[in-house]
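This report describes the pocket, the nonpolar cores and the disulfides of one protein model. The sequence and structure come first, and the description follows.

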Amino acid sequence: MALIVTRTFIKYSLFAFNIVFWLLGTVLLVIAIWSKTEKGNLMDFNSMAIDPATVLLIVGAVMFWIGFFGWVGALRENVKFLQVFATSLVILFLGEAAVGILAFVMKEKVREVVEEHMFDAIKAYRDDSDLRDAVNVAQRTFKCCGVRNFTDWQENVYFKCCNEGIESCGVPYSCCKMDLQVNLFCGVKIMDYETEEYCTNTNQYVPMNHIKREVSSDEQIYQTGCLVTMEGWFNTNLYYIGGAALGVAIVQIGGVWLAQSLTHKIKSVTAGYYHQK
């Protein structure tokens, strides 16, 4: 009797755990597929590192896969499905651990890769609505502008001072201080293109680090780059990030333990049934 009660508790605990996991994966998949379809590049994975929709698609697919095998395996008491679920969780856990170790050992290389992708995001800012929203959210959240500083926006053809468009020599509105962001044109023409030569004969930007003299930089825009502010935020919240990572690891290990426990109970009951026969 005790064995049956324990098996039932493990079964429905695992089922509840996985139905939530599976539903979250399904929601992410639907959002990602809708977003990719709207942009007309459903099968384009070339910009995966800077495309939020592609990242959501991959994360959603992994969660859907693991959650599906977990809740079906628990509900139907299917040993093979439970083994696929447990194996997938172990592989995911080991992959996360490997990425974490490599990121710690190769910090400078990781920083270079992140910086490169951030510059790619700046260059593609006007070409991808999802990416544009993600960049704006990041700049508003971390109160930053550009990668190293606000002049990095000269890497974008629309904001380049060599361009004659309305946004030339400017920055996105999300670079502006919070109380000014109600005006979407608050960052337009903010760079001091009149006192410095910005363009050469090859139409390339010549970098500089100040804005118009008549504009108070302390009141108008954030000047520090997002890479710098994010590094500072990461170092400040290192213990919280470590705690969150530990929490995720415990959940994954708990899922593997539940699956293995249920598998063991199912095999014990099956073996007892055949033994009685």
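## Pocket, cores and disulfides

The lining of the largest pocket is made up of 17 nonpolar, four polar and five charged residues. The model is a predicted one. The volume of this largest pocket is about 1,100 Å³. It is lined by 26 residues, and those closest to its centre are Ala103, Val110, Phe234, Leu238 and Ile241. Four helices each give at least two residues to the lining of the largest pocket: helix 3 (79–105), helix 4 (107–123), helix 7 and helix 8 (238–276).

### Nonpolar cores

The largest nonpolar core has 26 residues, and Cys145, Trp153 and Val171 have the most contacts inside it. Helix 4, helix 5 and helix 7 are the elements that give two or more residues to this core. Helix 4 provides the largest share of the core, with four residues. A separate core of 14 residues lies apart from it, and Ile10, Ala74, Phe85 and Leu89 are among its members.

What does Cys145 touch, leaving aside its neighbours within four places in sequence? Its contacts are Gln139, Phe150, Trp153, Val171, Cys175, Tyr222, Gln223, Thr224, Gly225 and Cys226.

### Disulfides

A disulfide is a covalent bond between the sulfur atoms of two cysteines. The model has three disulfides, and their geometry is set out below.

| Disulfide | S to S distance | Angle about the S-S bond | Hand |
|---|---|---|---|
| Cys144 and Cys226 | 2.0 Å | 85° | right-handed |
| Cys145 and Cys175 | 2.1 Å | 85° | right-handed |
| Cys176 and Cys186 | 2.1 Å | 110° | right-handed |

The disulfide of Cys144 and Cys226 has its sulfur atoms 2.0 Å apart. This pair links distant parts of the chain, 82 residues apart: Cys144 is in the loop between helix 5 (129–142) and helix 6 (217–220), while Cys226 is in helix 7 (residues 226–236). Both Cys144 and Cys226 are buried.

Cys145 forms a disulfide with Cys175. Both cysteines lie in the loop between helix 5 and helix 6, so the pair ties together parts that are 30 residues apart in sequence. Are these two cysteines buried or exposed? Cys145 has a relative accessible area of 0%, so it is buried, the limit being under 20%. Cys175 is also buried, because its relative accessible area is 0% as well.

The remaining disulfide joins Cys176 to Cys186. Cys176 and Cys186 are each in the loop between helix 5 and helix 6, ten residues apart, and the pair links distant parts of the chain. Cys176 is buried, as is Cys186.

### A residue in helix 1

Val27 is found in helix 1 (residues 2–39). Why is Val27 counted as partly exposed? Its relative accessible area is 47%, and partly exposed covers the range between the buried limit of under 20% and the exposed limit of over 50%. Along the chain, Val27 and Phe64 are 37 residues apart, and their C-alpha atoms are separated by 9.2 Å.

Notes. Residues are numbered from 1 along each chain as its sequence is written. This is a predicted model: local features need pLDDT of at least 70, side-chain atom pairs count only at pLDDT 80 or more; totals for chains, interfaces and linings use all residues. Side-chain values use heavy atoms; hydrogens and water are left out. A disulfide is a pair of cysteine sulfur atoms within 2.5 Å. Buried means under 20% relative accessible area, exposed over 50%, partly exposed in between (1.4 Å probe, protein chains only). On a 1 Å grid over the protein atoms alone, a cavity is a set of points where a 1.4 Å probe fits but cannot get out, and a pocket is an open set with protein on both sides within 12 Å along at least five of seven lines; lining residues have an atom within 4 Å of a point. Grid points are joined across faces, edges and corners, and a volume is the space filled by probe spheres set on the points. Ala, Val, Leu, Ile, Met, Phe, Trp, Tyr, Cys and Pro count as nonpolar, Asp, Glu, Lys and Arg as charged, and the others, Gly among them, as polar. A nonpolar core is a set of buried Ala, Val, Leu, Ile, Met, Phe, Trp, Tyr and Cys residues joined through side-chain atoms within 4.5 Å. Contact means heavy atoms within 4.5 Å.
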